[in-house]
Amino acid sequence: MAETGILTVLTTTDSPEKAGALARGAVEARVAACAQVSGPVTSVYRWEGEVRAEPEWQVLLKTAAARYDALEAYLCGAHDYDTPEIIATQVVRGGADYLAWVAEETRGF
């Protein structure tokens, strides 16, 4: 399969307001073409030696692979978690017009 050059990037946070702010800020900064906020989801994880279960909101961002470093830097700077979840997944196929739009929206100005 041909590489599209587009990524989806997932992060989570502990409120819908924070998720919306991360999404909006990434799009305004042109490090993501768009983002969807969903939740709440229940995250179960170990932190500081304790297993926890907490509600979180997911933010799924779409960006060009060439803009990943800028998106990661934005998320690390804007996020209030000590160790935010930031996971990128390569898009292996997609609508040509949509993929071109993502690339154009994130090309950096």
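Start by selecting Tyr 98 and Trp 101: both sit in helix H3 (residues 96-105), 3 residues apart, about one turn of the helix. Helices here are DSSP runs of H or I with at least four residues, strands are E runs of at least two, and both are numbered from the N terminus. You are looking at a predicted model, where local features need pLDDT of at least 70, side-chain atom pairs count only at pLDDT 80 or more, and totals for chains, interfaces and linings use all residues. Residues are numbered from 1 along each chain as its sequence is written, and side-chain values use heavy atoms, with hydrogens and water left out.

Now show the two rings. The structure holds 1 aromatic pair. The ring centres of Tyr 98 and Trp 101 are 5.7 Å apart and their planes meet at 40 degrees, so the pair is tilted. (Rings of Phe, Tyr and Trp, the last by its six-membered ring, pair if their centres lie within 6.5 Å; planes under 30 degrees apart are stacked, over 60 edge-to-face, the rest tilted.) Tyr 98 has 37% relative accessibility and counts as partly exposed; Trp 101, at 36%, is also partly exposed. (Buried is under 20% relative accessible area, exposed over 50%, partly exposed in between, with a 1.4 Å probe and protein chains only.)

Contact means heavy atoms within 4.5 Å. Trp 101 and Ala 33 are 68 residues apart along the chain, yet their C-alpha atoms are separated by 7.8 Å.

Select Val 9, Ala 26, Leu 61, Leu 71, Tyr 74 and Leu 75, which touch the most other members among its 16 residues. Strand S1 (6-13), helix H1 (16-28), strand S3 (50-64) and helix H2 (68-78) each give two or more residues to this core. Apart from it lies another core, of 6 residues, including Ile 6, Ala 33, Ala 64 and Val 91.

Zoom in on Ala 26: not counting residues up to four places away in sequence, Ala 26 touches Val 31, Ala 32, Leu 61, Leu 71 and Tyr 74.

Last stop: select Tyr 45, Trp 47, Glu 56, Tyr 81 and Thr 83, the closest to the centre of the largest pocket among its 15 lining residues. Strand S2 (34-47) and S3 each supply at least two residues of that lining.

Technical notes: Core = buried A, V, L, I, M, F, W, Y, C linked by side-chain atoms within 4.5 Å. 1 Å grid on protein atoms, 1.4 Å probe; cavity = no way out; pocket = protein on both sides within 12 Å on 5 of 7 lines; lining within 4 Å.
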